[in-house]
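Subject: the model, and what turned up in it

Hi,

Here is the structure we talked about, with the sequence alongside. Have a look first, then read on for my notes.

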Amino acid sequence: MGQIKHMPTPVTRTACAREIIALRHAVLRPGFDVADAVYPEDDDPTTLHFGCFEADRCVACVTLLPSELDSEPAYQLRGMASAPDRRGQGLGAALLDFTEQHVITRTPIRLLWCNARTSATGFYQHHGWRIISDQFEIPTVGPHFRMCKQLT
Ligand SMILES: CC(C)(COP(=O)(O)OP(=O)(O)OC[C@H]1O[C@@H](n2cnc3c(N)ncnc32)[C@H](O)[C@@H]1OP(=O)(O)O)[C@@H](O)C(=O)NCCC(=O)NCCS
């Protein structure tokens, strides 16, 4: 009889840049040098990283950079990704929920924004984000909409 393999329970938590960059690179900058997936602010003490981990494997990741939107203090959400073999299983949603709750409970910031790939706008809309720009192009990446969410 074959052995049943148990998937480790995913743990969603804060992370550091070196734990998540491999997934960010593989999903968002495939074919480019890994340096293309590194943000200048990655190691700043005010930058927040979050990941969903199965044992030591990072299966979803996201990063928040201190920012402003229309002069209101905000975080810019960047590098949202889930592993291709784990999509559609709720990991991205769990990570986004965790991230938003972290901001609400640990910071005075109540506004998030991102430049969302057009292919991902549905994911964010599903979580209460709204589109606030016309479509625009980011070179080497593709078409985007700016989106935001006011946290309550
Ligand atoms: C966008 C992404 C992070 C979503 O991660 P995921 O783990 O597949 O998301 P989930 O399984 O938690 O999906 C949550 C909900 O959003 C929906 N959803 C997920 N991706 C979607 C998309 N691209 N468009 C519309 N809805 C989407 C799911 O159907 C699900 O709905 P449900 O709750 O009714 O079942 C993932 O598809 C990804 O990494 N894509 C490639 C990288 C990318 O585009 N990142 C965003 C850059 S701005």
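**Charges over rings**

Arg29 lies over the face of Phe32, 4.1 Å from the ring centre. By the rule used, a charge sits over a ring if NZ of Lys or CZ of Arg is within 6 Å of the ring centre and within 35 degrees of the ring normal. Arg24 does likewise with Tyr39, its charged end being 3.8 Å from the centre of that ring.

Before I go on: this is a predicted model, so local features need pLDDT of at least 70 and side-chain atom pairs count only at pLDDT 80 or more, while totals for chains, interfaces and linings use all residues. Residues are numbered from 1 along each chain as its sequence is written, and side-chain values use heavy atoms, with hydrogens and water left out.

**Helix α1 and the cores**

Arg24 also belongs to the buried residues of helix α1 (residues 17–28), along with Ala17, Ile20, Ile21, Leu23, His25, Val27 and Leu28. Buried here is under 20% relative accessible area, exposed is over 50%, and partly exposed is in between (1.4 Å probe, protein chains only). Helices (H or I, at least four residues) and strands (E, at least two) are DSSP runs, numbered from the N terminus. The buried side of the story for α1 is packing against β1 (11–15), β2 (48–54), β3 (57–69), β4 (72–82) and β5 (111–117).

The largest nonpolar core has 32 residues, and Leu64, Leu77, Tyr124 and Trp129 touch the most other members. A core is a set of buried Ala, Val, Leu, Ile, Met, Phe, Trp, Tyr and Cys residues joined through side-chain atoms within 4.5 Å. Two or more residues come from each of α1, β2, β3, β4, α2 (91–106) and β5, and β3 gives the most, with six. Leaving aside neighbours within four places in sequence, Leu77 is in contact (heavy atoms within 4.5 Å) with Val62, Thr63, Leu64, Leu96, Trp113, Cys114, Tyr124 and Trp129. There is also a second, separate core of five residues, including Ala74, Leu111, Trp113 and Cys148.

**Salt bridges**

How many salt bridges are there? The count is five, taking a side-chain nitrogen of Lys or Arg within 4 Å of a carboxyl oxygen of Asp or Glu. One of them joins Glu54 and Arg86 at 2.0 Å, N to O. Glu54 is in strand β2 and Arg86 in the loop between β4 and α2, 32 residues apart. Glu54 is buried at 5% relative accessible area, and Arg86 is buried at 7%.

Arg57 and Asp85 form another, with the closest N and O atoms 2.8 Å apart. Here both partners are partly exposed: Arg57 at 37% and Asp85 at 48%.

**Aromatic pairs**

There are three aromatic pairs. Rings of Phe, Tyr and Trp (its six-membered ring) pair if their centres lie within 6.5 Å; planes under 30 degrees apart count as stacked, over 60 as edge-to-face and the rest as tilted. Phe50 and Phe98 have ring centres 6.0 Å apart and planes at 70°, so they are edge-to-face. Phe50 lies in strand β2 and Phe98 in helix α2, so this pair ties together parts 48 residues apart in sequence. Phe50 is buried at 0%, whereas Phe98 is partly exposed at 30%.

Tyr124 and Trp129 make a tilted pair, 5.4 Å centre to centre with 55° between the planes. Ring pairs link these two and Phe123 into a cluster.

Cheers
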